[in-house]
Structure formats: structure tokens, C-alpha cells
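This report goes through a predicted model.

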Amino acid sequence: MNGIKSISVKTKHFFEEIGDMSYFAIRFFKEVFSAPFEWKELIRQCYQMGNRSFILVGVTGFILGLVFTLQSRPTLLQFGAVSWMPSMVSLSIIREIGPVIIALICAGRIGSGIGAELGSMKVTEQIDAMEVSGTNPFKYLVVTRIVATTLMLPLLIIMGDAIALFGSAIIENLKGDVSYILYFNKVFDALKFSDIIPATIKSFFFGFAIGLVGCYKGFNCSKGTVGVGEASNAAVVYTSMLLFIIDFIAVFLTDIFY
Amino acid sequence: MREVILEIKDLKKSFGEHQVLNGFNLKLYKGENLVVMGKSGSGKSVMIKCLVGLMAASSGSIKIKDLDITSLGQKELDVLRTEIGFLFQGSALYDSMTVRENLAFPLRRNRDKINTSQTTEEIVLEALKNVGLEHTIDLMPSELSGGMQRRVALARALILKPKIILYDEPTTGLDPITSKEIIQLMGTIQETYKTSSLIITHDVDCARVISNRMILLIDGTNYIEGTFEELSKSGDPKVKAFFKN
């Protein structure tokens, strides 16, 4: 009986959370287009998120390209299909692996950072202080961060994809004597706009999800310092789940339209 | 007749089943320092947060300059808030900003509210000078001691030259010497800026030095009202409990 009650409470809490987050998203869309605009803070957030994630995304992309090529090479060699390596790697990375892996890395790096920062501002009354001083904290803290993640994530993903392809090209150059020019010629021959555009559109949604969940968890943080940890942790967990759901929907829609 | 600058009538606030404020009333007169004392958890902070619209009251009215804040829209409330300075219990300085940025923050959208030809930098410096901390202008809040943080927060609360200042436990977490300094500073500010102050505290020393009048908040309502001397001589055991040390 207790088990059923516990499941019922958790289910209710889950749907309440979805409702609250939807309301939070609606409020974002209401406030994002209304003046005053916090341009300075938006640029600062874009810089912070892009600049601070640059090395992490770069290293992740590079290793992703290296490892993917190294792991695929023996199998392709067995079938005499190693010349397909640039096409296979580029399509896999640009359409799916690059955006998802980099978005997950950013969920950990940026999403948890936003959750912890806003959470700690909430419990130390900094958000209240902002409101009392006549500044709309939702606009200043939430809108700027969500817009920044939505704009910066596609850029980080494009950069990460490019570095991953470069990593793959290095392995092909060292192991298969393929020149860089030939490798990238084959990459661009294989890629079509129908591969790049859906992946890029998808990455905007990934960015939005990371910003939205991080801000929602941080802005609604309670229970003191414990709550800050919970907000940061929940931001990563919820965002990761949301990223997979968005990815599934994006792949499904791409399949229909392309 | 003294001018009433802030008036709370029959304020009620509950969280679920728990009734925190149960018909609280208050009048703050122009130029006075009114202390509201109560035990921890008695609803003092809830009351002060209802006062600036950070929490919605369950019922009752809160009038500041004849405007009932419980019925104001967001824009009108933001305008009214510039007339009120708020010193938070934990200072609430923005920890990602320097002291200069912290003080300049309220001026971003309300610069025209202050009738002065001074630049933002000059206004910030003057506010810091008033609390004796102009040398900290480029420091981060984490580089300041608790007492210095409280003084910077006070300077920030005063930056828009408000008519009313709300102090939420201004001496909590400070050592006795620093507490004394903060209390003295509060007095100096009141004289300099001619503000009316509502002070929420459970610090008897603070109440003794700063108050013109006091209200004891017990069980969510005004238990007793009077000057410090009157209340400290009261024979009521509930009142005596506050002053026994």
C-alpha cells in the first residue's frame, strides 16, 4: 500500500514538475521579446559559455574523431571499404554523434553551472535583492542565459564537429597515408545540406533545453546549500534525458521531411 | 500630526495549514526608527518580504505612500521599490560582481530617479564613503569580512536615496563590536538621509540603541507596542523573556 502511495506521489510530483517547467518556458517566451533588453549581460553570458567551454568541447571533439576512426578502421579494412572512412565518419559525426556528445558535455559543463549559480543566488537572497532594486531577475538572469545557450551551443557543436573531423583526418593520414586535402574532399563530397541543416536546427533546441532546465532548477532552488547541489545535479540529469527525447524527435522528423 | 509613510493593516500570511502572520498591523511614521522584535520563526522576515512584494500576502493591505502594494502591477511595484532600501540578513551582495558593480547595479535602470549631475562612478564612491569603505571599490564581496559586506550592502540599499529603509536582522552573524559599528552606522544614515527605518531584529542591544518605538511580534500578531523603556519594564512574562539578558 505504501509502495502504491509512493508511486502516486512521485507521479504527481513528476507531472507538477513538467507543468512548472512549461510555465517557466512560457514566461521565457513572454519576456524574451519585451523591453528592456539586457544586451550587455547576454553578450557576457555568450562569452562566458563559449569561451569557457571551448577547450572542453575541442578536446572532446578531437578525441571523438581519433577514437571513432581508430575503432572503425579494422572493420572497414576487413571489407575493403576503408576508402569510405571519410564519408562514414563525417556523416556519423555531423548528423548524430557530434551534436549529442557535445550537447551532453555542455549539459554537464554549462547546465550544472547555471543550476549551481542561480541556486546559490536564490538561497543567499541575491535574486530577491535584484528584484527589490527594480530589476527583473527573470529577464536579467534567466532570459540572458537561455538565449546565450541557444545561440552558443550550435557554434560549439560546429566547432566540435570540425575538430572531430580533423582528428579523424590525422589518423587517416598516419595510418592510411591519406592526404588531408583528399580526406576533406571526400568529406565534403559525402555531406549534403540535408545532413547539416537538421543537425544544426537540432543543436539550437539542445542549447535551449540546457539553458531552460539549468535556469529552472537554479531559479526554483530551495533547502539551502543542499538545494544548490540538488539543483546542479538535477539540471544535468533532466537535461540529459531531455536531450535524448529532443534527439529522437529530431531524427524522427528528419526521416519524414528529408 | 505625524505623517504615516507605511501602513500595514490586518496582514495575514499562511503556508499551507501553517498560519505565520495572523492579522499584523503596523504604522511607520516619517523619520522614525521602528523595531519589530520577535523570536526566530515568528514571521518577521515573512512580513518584511510581503512589504516589498517578494511574497504575496494571503490577505490584508500594505500601503506605502498611499499605494497598496498588494494591488500594484509589476511595473508600478518596481517604481515603488526604488523608494525603498532593503538590507538583507546575509547582505545578499552579488558575488560575481565587484563592489563597484554591486553598487552601480540598482542605478542601471533607475539612474534618472536621483536628481543629481554626478556620474555613476561619483554616486558609487559617495555611497561607499558614507559607509567608510571607498578603498574596497574594486574588491569582490568574497574578499570582504562579514561586517564590511554588511556595510557595502547598506551602501547599495542607499544608492537610490530611498525614503524608507528596511533592515532584516542587520546584526545577525556579526561579532559584538562589528554589530555596534553597524548600529552606529544605521543611526548616522538615518540622520544624514532623513530616512524612516523599519528594523526587524531579535538583538536587544540593537533595539535599545536604534529604536524610537517597538512592536513585539508574537503568534503572528502585534503582542505589544511601545518604546524600548516601556517594553523592557513590562511585567508580562512573554515580553520579559525578550529582555531578561
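## Contact between the chains

How many residues of chain A are in contact with chain B, and how many of chain B with chain A? The contact involves 11 residues of chain A and 14 residues of chain B. On the side of chain A that touches chain B, 5 residues are polar, 3 are nonpolar and 3 are charged.

## Overall form of chain B

Chain B contains 10 helices and 10 strands. Its C-alpha atoms fill a box of roughly 50 × 40 × 40 Å along the principal axes. The radius of gyration of chain B is 18 Å, which agrees with the value near 18 Å for a compact globule of 245 residues.

Of the 245 residues in chain B, 41% count as buried. When contacts in chain B between residues at least 6 apart in sequence are considered, 68% of them join residues at least 24 apart.

## The six-stranded sheet

Chain B has an open sheet of 6 strands with mixed pairing, in the order β6-β7-β8-β3-β9-β10. Its edge strands, β6 (84-87) and β10 (221-226) of chain B, each pair on one side only. From one strand to the next, the twist averages 20°.

Helix α6 of chain B, residues 146-158, packs on this sheet and touches β6 and β7 (164-168) of chain B. The direction of the helix makes about 165° with that of β6(B).

## The β9-β10 pair

Strand β9 of chain B (residues 213-218) runs antiparallel to β10(B), and 5 bridges join the two. Opposite B:Leu217 stands B:Asn222 in β10(B).

Note on methods:
Residues are numbered from 1 along each chain as its sequence is written. Chains are lettered from A and ligands numbered from 1 in the order in which they are written. This is a predicted model: local features need pLDDT of at least 70, side-chain atom pairs count only at pLDDT 80 or more; totals for chains, interfaces and linings use all residues. Two residues are in contact if their C-beta atoms, placed from the backbone, lie within 7 Å. Ala, Val, Leu, Ile, Met, Phe, Trp, Tyr, Cys and Pro count as nonpolar, Asp, Glu, Lys and Arg as charged, and the others, Gly among them, as polar. Two strands pair if DSSP finds at least two bridges between them. Helices (H or I, at least four residues) and strands (E, at least two) are DSSP runs, numbered from the N terminus. Axes are lines fitted to C-alpha atoms, for helices over the stretch in contact, and angles run from 0 to 180 degrees between N-to-C directions. The radius of gyration is taken over C-alpha atoms; the globule rule is 2.2 Å times the number of residues to the power 0.38. A residue is buried if 20 or more other C-beta atoms lie within 10 Å of its own, exposed if 12 or fewer, and partly exposed in between; C-beta atoms are placed from the backbone.
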